[in-house]
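My entries follow in the order in which I looked.

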Amino acid sequence: MPVKIGVLAKQVIDPEMPAAAFQIDSSVKQVVPPANIPPVVNGFDENAVEAALQIKDSQEATVTVISAGSSFALDVMKKPLSMGADELVLLQDDLFNNTIDSFQTAFLLSEAIKKLGGFDLIICGRQASDWDNAQVPLGVAELLGLACVSLGKKVSIDGDKVVVERLIPDGFEVVHAPMPSLVTVSNELGQPRYPTLRGIMAATRKLPTIWASNDLGISPDMLEPRVTLHDLFIPERDQVCEMIEGDNEEEAARNLAQKLREAKLI
Amino acid sequence: MADASGVLVIGEAHEGQLGTISQEILAVGRQVADDLGEQLYIGLLGDTLVNASAEAISYGADVVYAVTNPLLSEYQSECYLKGMESLCKEISPNVILIGRTNQGRELAPRLAFRLGVGLAQDCLEISVDQANKTLLANRPVYGGSAVAVISCNYTPQIAAVRPKVYEPLAPDNTRQGEVISFPIELDNETPASRVVEVVKEEAAGIKLEDAHTVVSGGRGLGGPEPFTQLEELAKLLGGAVGASRAAVDSGWVPPSYQVGLTGKTITPDLYITVAISGASQHMAGCSSSKVIVAINKDSEANIFKDARYGVVGDWEKVLPALTETVRELTQS
């Protein structure tokens, strides 16, 4: 039996966009999607896809990517397929637009996972680069009653258990978890693989499964938000940088050292 | 839970002593409890908690719940969650505050989901909205590019607070408080996952989080070798070496060096950045440094917006001259 792996992924505004393009519409308390800069798959979720594909490289496995949102850029969300994932399931509905409410997102994803018959292993990115909540994966584990290991830098399967190298502040620990389990991964897992030409061709032919609220049997009352967003703003910086000059770079460096000495910092 | 009352700090005890993070969270907890006119509780988990309990009272707790079981002697998420869940059901707190440490990152969301309530994650500031006695939490989002103000719609209202944001109160050994023993039942089957090996790979010398001076390098260094030069300067200053995520992702230094949103949070007196552009996710881990010094060849780099002193130049020229002058100044 192939190992059934689910990967949870989120479409986010490109975090690498220029700082000047980052703007907030305070009337709706939302970040304005920048013009001409397409969204991306959350970086940590690409690490999760990579972790799943590494398992698929070494044993029989299927990789299904699931995402929830109200509007998807299909070519963006197909990237995991072009990297080598087998299936893409998009939970798309106007009701699913409250992306700051982790409860709502985790609930949708867990309902979809149940409908898909569950997985032996679910891999997620540690957090999304938009709201940085780091809650949805742990919430899905709770809603589904799964064991959960967070902050993995390496994930493998050994017989009937999942082996995770989990980051700790001064190194890592090796954790064994049963199957099914949910694991979150971090960028320390390494660069996600690039899509191959063959992968891209295969992905263009694949159609995602798209489920709306009624496909999942979800009504608005089930999505009662757990948190309220009162304000969203860009913090002001009042720091003024004193540029240390010199006739050349070496002299500027020497002047810097003097300055730090005068300020009793060294 | 209309009768929910009290502010519960989820504490961390390490080898029987109260963790620094718990001292910090007790400080913000004290403020919130006083603003709400409620009691400040702390829940400690472990097997021997006598010293940590006394410390918790001296740092501001009114009541300590010592949640004990031999299985709680080491952190294990399942066991700790069961302990916290039992305690919350017993005392129905109005507010729960957790430090966003390695443990807190796991416990806070799972506890919130287990209790069916919301969580304000990774908060930089917690206040009480006096109009309706609810908690308001400021938290960085979009990698620190923006700040969101959120509140929780259900009780208990849970907030995870970023480490090193709040200063502990001065400990007062004459403070009076109550210690309530709360032994819990855990069957041996509870842990679903288990740690089989721990691999330490931290640099020798002073810990990054504790250093008064930190010298960090970024993508612009171009490789692992320049970190030797950073170490030389850090050593002269009695400090530690850190790195940006780009340097860690490139494999130049181990992950334990990473400063930033997903790495370590540091608050040194002096933070010298070398060839770091200053992406907001990096600044999220160091913006509370007292003085930031930036060395970068790009005068437009973001880092100069947060720096107190800057040198625009090639690090290969600036760093050796800086190190040499520091040597002369500090050793004369």
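**Helix α4 of chain A**

I checked the length of helix α4 (residues 102-115) of chain A: at 1.5 Å a residue its 14 residues should span 20 Å, and its end C-alpha atoms are 20 Å apart, which agrees. The expected span is 1.5 Å times one less than the number of residues, and helices (H or I, at least four residues) and strands (E, at least two) are DSSP runs, numbered from the N terminus.

I noted that this is a predicted model, in which local features need pLDDT of at least 70 and side-chain atom pairs count only at pLDDT 80 or more, while totals for chains, interfaces and linings use all residues. Residues are numbered from 1 along each chain as its sequence is written, and chains are lettered from A and ligands numbered from 1 in the order in which they are written.

I then looked at burial (20 or more other C-beta atoms within 10 Å of a residue's own, C-beta atoms being placed from the backbone), and found 12 of the 14 residues of α4(A) buried, among them A:F103, A:F107 and A:E111. Just after α4(A), A:G117 takes a positive phi of about 85°.

**Chain A and chain B**

I looked up the contact (C-beta atoms, placed from the backbone, within 7 Å), which takes 70 residues from chain B and 66 residues from chain A. Helix α9 (residues 315-331) of chain B gives the most to the side of chain B that touches chain A, with eight residues.

I also followed strand β14 (residues 227-233) of chain A, which runs antiparallel to strand β10 (residues 146-152) of chain B and is joined to β10 by six bridges; strands pair if DSSP finds at least two bridges between them. Here A:D231 stands opposite B:V149.

How values were computed:
Contact = placed C-beta atoms within 7 Å.
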